[in-house]
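Subject: The structure we talked about

Hi there,

Here is the model I promised to send over. Please open it and keep it beside you while you read on.

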Amino acid sequence: MTQTHELIVCIVNTGFTDVVMSAAKDVGARGGTVIHGRGTANKDAEEFFHISIQPDKELVMILVPVEIKEAVLHAVYNAAGLKTAGQGIAFSMPVSHVVGIGGASPSKHPTADAQSGAETAADSKKSEK
């Protein structure tokens, strides 16, 4: 099976999700999901990166076709990366299955087919009685 999508996750300071989504949409992304969170970085991390770390964070999850993954990652990082007020990081993860978008449909699972067939046979026996 060929991988068709990647999940891009961008973790930014609260209030920068519009910046992230605008940059992602400019290079072809269609939408995203935002989750509110709280970072747990310590003072050592602040000193290492030479930045002040805001504890309140937002995670922006964007499902994109593999072909535009690199463009979206770079656009998001340029708009809201560590050297900006958004202080964001971004990464991608492979997605093995997608349903509900772009005409994708769930593949039938053999067990589901067997159960479906068994139910059909049982239902037909009930209707015969």
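This is a predicted model: local features need pLDDT of at least 70, side-chain atom pairs count only at pLDDT 80 or more; totals for chains, interfaces and linings use all residues.

Residues are numbered from 1 along each chain as its sequence is written, and side-chain values use heavy atoms, with hydrogens and water left out.

Let me start with the whole chain. The protein chain has four helices and four strands, taken as DSSP runs numbered from the N terminus (helices are H or I with at least four residues, strands are E with at least two). Starting at the N terminus, the order of the elements is β-α-β-α-β-α-β-α. Of its 129 residues, 26% count as buried; buried means under 20% relative accessible area, exposed over 50%, and partly exposed in between (1.4 Å probe, protein chains only). Taking contacts (heavy atoms within 4.5 Å) with a separation of 6 or more, 76% are between residues 24 or more positions apart. The chain exposes about 8,800 Å², with 56% of that supplied by carbon and sulfur atoms (Shrake-Rupley method, 1.4 Å probe).

Next, the helix pair. Helix H1 (residues 17-26) packs with helix H3 (residues 69-80) at an angle of about 145 degrees, and their axes are 8 Å apart. Here the axes are lines fitted to C-alpha atoms over the stretch in contact, and angles run from 0 to 180 degrees between N-to-C directions. H1 contributes Val 19, Val 20, Ala 23 and Ala 24 to the contact, and H3 contributes Val 72, Ala 75, Val 76, Ala 79 and Ala 80. Those residues divide into nine nonpolar, no polar and no charged, with Ala and Val both on the nonpolar list.

Finally, the salt bridges: there are two in the structure, each defined as a side-chain nitrogen of Lys or Arg within 4 Å of a carboxyl oxygen of Asp or Glu. One joins Arg 38 and Asp 56, at 3.5 Å from N to O. This pair links distant parts of the chain, with Arg 38 in strand E2 (residues 33-38) and Asp 56 in strand E3 (residues 56-65), 18 residues apart. Arg 38 is exposed at 60% relative accessibility, and Asp 56 is partly exposed at 38%.

Glu 70 and Lys 69 form a salt bridge too, their closest N and O atoms lying 3.7 Å apart. Glu 70 is partly exposed at 44%, whereas Lys 69 counts as buried at 18%.

Best wishes
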